[in-house]
Amino acid sequence: MSNETDPGLGGGHNSRAMTEADLKHAYYQMVLIRRFEERSGQLYGMGLIGGFCHLYIGQEAVVVGIQMELKQGDKIITSYRDHGQMLAAGMDPRGVMAELTGREGGYSHGKGGSMHMFSSEKHFYGGHGIVGAQVSLGIGLAFANKYRGTDEVSVTYYGEGASNQGQVYESFNLAALHRLPCLFVLENNRYGMGTSVERASASKALWRNGEPWGIPGMYVDGMDVQAVRAAAAEAVAHCRAGKGPVLLEVDTYRYRGHSMSDPAKYRQRSEVDEIRKNQDPIDRVRRELLAMGVEENELKAMDEQVKAVVTDAASFAQTSPEPDPSELWTDILVES
Amino acid sequence: MATEILMPALSPTMKEGKVARWLRKPGDAITAGDVIAEIETDKATMEVEAVDEGTLGQILVPEGTENVAVNTPIAVLLAEGEDSSAMPAAAPTAAAEPAVAQPSCGPVAAPPGAAPVAPQPEKDWGETQEITVREALRDAMAAELARDEDVFLIGEEVAQYQGAYKVSQGLLDQFGEKRVIDTPITEQGFTGMAIGAALTGLRPIVEFMTMNFAMQAIDQIINSAAKTRYMSGGQMSCPIVFRGPNGAAARVGAQHSQCYASWYGHVPGLKVVAPWSAADAKGLLRAAIRDPNPVVFLENEILYGQRFPCPVDEDFILPIGKAKVEREGRDVTIVTFSIMVGVALEAAAKLAEQGIEAEVINLRTIRPLDTQTVVDSVKKTSRLVTVEEGWPFAGIGAEVAMQVIEHAFDYLDAPPVRVAGADVPMPFAANLEKLALPNTDWIINAVRQVV
C-alpha cells in the first residue's frame with residue numbers, strides 16, 4: 001500500500017516460482033494456521049483460554065512464505081501475535097494449544113501462555129509481550145550466529161505498531177554496524193491495536209525505514225504467499241551471504257480484533273469484508289492450485305487432515321492436566 | 001453429528017452478553033472461519049466464527065437477545081446429511097473450572113533453597129597480594145575470557161578507550177575486537193542484543209558505564225533476561241552478567257548517584273551481587289560469569305582505586321549467595337554491603353574503643369540473600385543495625401530486618417535500626433551531598449540506640 005517508489009533488492013521478488021508441491025505445502029500450512037486460530041478463538045470464547053489471545057487470521061501467507069526459505073538452525077523471534085510463527089516453525093500444535101489453555105502439556109508447562117512460548121528444538125525464541133523488545137533480542141540471535149561463524153540467519157518479526165519504538169532503530173544501527181545476518185520482517189497489518197498506520201507513522205514507506213543505516217528495504221504483498229516466499233529467498237540469501245541485515249515490509253491484514261476483546265470501532269466492517277472476500281491469501285492459493293490442475297478432492301483431503309490435527313490439538317489442550325502446583329517454584333533459576 | 005454453537009466470552013471475566021446480530025440464517029452452508037454472528041457487551045463487540053463446517057440448523061437465541069449467559073447454546077450446526085431435528089448427542093464441553101489456590105496466611109510453600117541453610121567455612125586460598133578493585137575486576141574478566149570462548153565483553157568504551165573507568169584496560173589487546181566490543185550509546189539496543197545472544201548460550205558480560213544508564217534497558221533486564229527461563233518452562237536460560245558502577249560517586253548529582261540493589265534484588269530470576277573488596281570483586285565476578293543465570297553485578301566507582309589483599313591462586317573464585325563475617329563481635333550485628341562495608345568497619349573500630357564489639361557482615365550477594373549468616377549472628381548479638389547507601393524505603397535494610405524478624409524475633413533485645421542514604425535525590429553541593437550519605441557517626445549513633 002505504502003510503496004512510494006519501486007522497492008526491491010533485485011526487483012525479482014514478485015516472480016511466481018513455486019512448484020505444485022511447494023504450493024500444496026503452503027496451502028496446508030496456511031489452512032493449519034487459520035483453523036488453529038479459529039479453534040483458539042472458540043476455546044477462548046468457551047473460557048478455556050484466558051488473558052490475552054492475539055490471532056493471526058489473515059496474515060498466514062507471511063510466516064508460511066518466509067518459513068519456506070529457512071533451514072534448520074535459522075532462528076526466529078516475534079511479538080505476542082505468535083501462534084502462526086510457531087506452527088510454521090514446526091512446533092507441535094498440541095503443545096502450542098495446551099500452552100494457550102495453560103496446561104501441563106504446553107510448551108512452557110502452562111507458565112508462559114499465548115504470548116510467551118519458546119522452542120529450543122525449533123530455534124523459536126518467543127513469543128514476547130513487550131512491543132518492540134523482540135527486535136533487540138532478534139539482533140542478538142543474529143549476533144550469536146555471526147559470533148559462532150555459522151551461516152544461519154535470524155528472522156525478527158514485528159508489526160508496524162512496534163516500528164515506532166526507539167529500540168527498533170537502535171537495533172537497525174547495531175545490526176548494520178555489525179553486518180548481522182538479521183532479516184527484519186515488518187508485518188504491516190495496518191492497525192496497532194486500534195490505531196491505523198496512517199495515524200501512527202509519519203513515514204509513508206516503512207520498508208525504507210532502514211535506509212539511514214544502509215539497510216536494504218523490500219516491500220511485498222503479504223496476501224500472496226508466492227510473492228512473500230520469493231522476497232524471502234532474496235532477503236535470506238543476502239543475510240546468509242554475510243551482507244548484513246535486510247528490512248522486508250509485508251503488506252498484510254488482520255481480520256480479527258487486536259486481541260479477543262476489541263471494540264471494532266476503528267475500522268469499517270466493509271473494509272474487513274472486502275479484503276476477506278477479494279484478497280484472502282488462502283483463497284488465492286486455492287485458486288492457483290486449481291488452476292494448476294490440482295483436484296478439488298485433494299484440497300478437501302488436506303482440509304480434512306488439518307481439521308483432524310486441530311481437533312486433536314484442541315482435545316489435548318482440554319484434557320492435559322493443569323500444571324502441578326510444584327511447577328510454581330521451578331524454572332526460575334538454573335540450579336547449579 | 002450436529003454440534004451446538006455456544007455463546008462465547010470476550011474476556012475471562014465476561015459472564016453474559018448480547019447476541020447482537022445473526023449474519024447467517026438457518027439452511028445456510030457454513031465453512032470453518034465464516035462469521036456467523038456478532039455478540040456485544042458494554043465494552044466490546046466480537047464476531048462469532050464457525051469452527052466446523054456444515055449447515056446452520058436452528059437458531060436458538062434470536063438476535064437482539066440480551067443477557068445471554070456464556071456457554072449457552074445459541075445455534076445448532078448440522079453435519080452433512082442431517083436435518084434440523086438432529087441434536088448433539090453429548091453435552092457440550094463445560095468450561096474448565098480453574099483450580100483456585102487456597103488463600104493462606106503463611107508462606108504457601110517455600111521456594112526451593114529459600115530456607116536458611118547451614119553455613120560452611122570459607123575456603124583458605126593461601127597467599128594474597130594487594131591489588132585494586134579495578135585490577136581485580138579486570139583480572140576476573142581476563143581469566144574468564146581466556147577460559148571460555150563463549151564469553152565476551154560488550155559496552156560503551158570498553159575496548160579502544162580501555163573502559164570509561166579503566167576497568168577493561170588491556171582486554172582489547174589481549175582478546176581482540178571479536179571478544180571485546182565497543183557499542184554506540186544505545187543501552188536498550190545493546191542490552192537486548194546481548195540478552196538475545198545469551199539465550200542462544202553465549203555468555204556476554206554487559207558493562208554499563210554506570211548502572212544509572214541501565215535504566216534505559218531495565219525492561220530487557222527484567223522482562224527478557226530474568227523471566228525467559230520461567231516463561232519457557234525451563235527450555236531456555238540466560239547466562240549473562242550486567243555490571244557497572246552503582247550508587248553514589250562524588251559530586252555527580254542526582255541522575256548519576258543511585259543504588260539499584262533494592263530494584264534488582266526484588267526480581268525473581270535474577271541474581272544480584274555487590275562486592276566490596278578486591279577479593280570479593282575478583283572471586284564473585286568469576287562466579288557471576290560462570291553462572292548459568294542472569295547476574296546483576298553492582299560495583300562502586302569510589303572503590304575502584306582502593307587496594308585490598310586478594311588471593312593469587314589462579315583458581316580463586318567465591319560462591320554467590322554467601323555472606324562474609326568481616327569482623328566478629330558479640331554486642332551488635334551490622335549488616336551491610338559494597339562501599340558501606342568499609343564505613344561499617346571504621347565504625348566498629350571506634351565502637352571497640354568505647355567497649356562495644358560489633359560484628360560486621362558483608363552480604364556480598366543481595367539475591368539470593370545469605371539469611372543464615374545474618375540470623376546466626378543476631379542469635380549471638382541480639383541486636384541488628386543495617387547499613388546501606390541507598391534510600392531507606394523498601395530498601396535492603398528493610399528486607400534484612402524482616403528476615404531477622406521472621407527467623408530470630410525471639411532473640412532480639414531491641415528493634416532493628418536502619419542506616420540508609422537520605423530519602424532525597426542526591427544533591428550536588430558538597431556539603432549537602434555529605435549530609436545525604438551514611439558515615440561512621442550515623443552508624444555509631446544507630447548502634448548506640450540498640451546497645
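**Buried, exposed and bridged**

Q: Why is Arg203(B) called buried?
A: Buried means under 20% relative accessible area. Arg203(B) has 18% relative accessibility, so it counts as buried. This is a predicted model, so the value is computed from predicted atoms.

Q: What makes Asp148(B) and Arg203(B) a salt bridge?
A: The cut-off is 4 Å between a side-chain nitrogen of Lys or Arg and a carboxyl oxygen of Asp or Glu. The closest N and O atoms of Asp148(B) and Arg203(B) are 3.9 Å apart, and the two form a salt bridge. The pair links distant parts of the chain, 55 residues apart. Asp148(B) lies in the loop between helix 1 (133-147) and strand 10 (151-155) of chain B, while Arg203(B) is in strand 12 (residues 203-207) of chain B.

Q: What makes Glu69(A) and Arg229(A) a salt bridge?
A: The limit is again 4 Å. Here the closest N and O atoms are 2.8 Å apart. This pair too links distant parts of its chain, 160 residues apart. Glu69(A) is in the loop between helix 2 (60-67) and strand 1 (75-77) of chain A, and Arg229(A) is in helix 8 (residues 225-240) of chain A.

Q: Which residues are linked in a network of salt bridges?
A: Asp221(A), Asp224(A), Arg284(A) and Glu288(A) are linked this way. Over all chains, a search of the whole structure finds 43 salt bridges.

**Helices**

Q: What makes helix 8 of chain A largely enclosed?
A: Of its 16 residues, 12 are buried, so the rest of the structure largely encloses helix 8 of chain A. Among the buried ones are Val225(A), Arg229(A), His238(A) and Cys239(A). Their cover includes helix 1 (20-45), helix 2, strand 3 (182-188), strand 6 (217-221), strand 7 (246-251) and helix 10 of chain A.

Q: How do you know that the span of helix 8 of chain A agrees with its length?
A: At 1.5 Å a residue, its 16 residues should span 22 Å. The end C-alpha atoms are 21 Å apart, which agrees.

Q: Why is helix 3 (residues 187-199) of chain B called largely enclosed?
A: 13 of its 13 residues are buried, so helix 3 of chain B is largely enclosed by the rest of the structure. Gly201(B) follows helix 3 of chain B, with a positive phi near 110 degrees.

Q: How do you know which side of helix 9 (residues 269-278) of chain A the buried residues are on?
A: The buried residues are Val272(A), Ile275(A) and Arg276(A). They cover an arc of only 100 degrees around the axis, which puts them on the same side of helix 9 of chain A. An α-helix has 3.6 residues a turn, so residues three or four places apart point the same way. Ser270(A) and Lys277(A) are exposed on the other side of helix 9 of chain A. The buried residues pack against helix 10 (281-291) of chain A, together with strand 4 (35-40) and strand 5 (45-49) of chain B.

**The whole of chain A**

Q: What makes chain A as compact as a globular protein of its length?
A: Chain A has 11 helices and seven strands. Its radius of gyration is 19 Å, close to the 20 Å that the globule rule gives for 336 residues, so chain A is as compact as a globular protein of that length. Of its residues, 60% count as buried.

Q: Why is Thr336(B) called buried?
A: The limit is under 20%. Thr336(B) is at 0% relative accessibility, so it counts as buried. Thr336(B) sits in strand 18 (residues 332-336) of chain B. Its contacts beyond four places in sequence include Val341(B), Ala344(B) and Val387(B).

Q: Why is Thr365(B) called buried?
A: Thr365(B) is at 0% relative accessibility, so it counts as buried. Thr365(B) is in strand 20 (residues 365-367) of chain B. Leaving out residues up to four places away in sequence, Thr365(B) touches Val272(B), Val273(B), Ile320(B), Gly321(B) and Lys322(B).

Terms used: Residues numbered from 1 in each chain as written. Chains lettered and ligands numbered in written order. Predicted model: local features only at pLDDT ≥ 70, side-chain atom pairs only at ≥ 80, totals over all residues. Heavy atoms only, no water. Buried < 20%, exposed > 50% of the residue type's maximum accessible area, 1.4 Å probe, protein only. Helix = DSSP H or I, 4+ residues; strand = E, 2+ residues; numbered from the N terminus. Arc of directions from axis to C-beta. Contact = heavy atoms within 4.5 Å. Rg over C-alpha atoms; globule rule 2.2 N^0.38 Å. Expected span 1.5 Å × (residues − 1).
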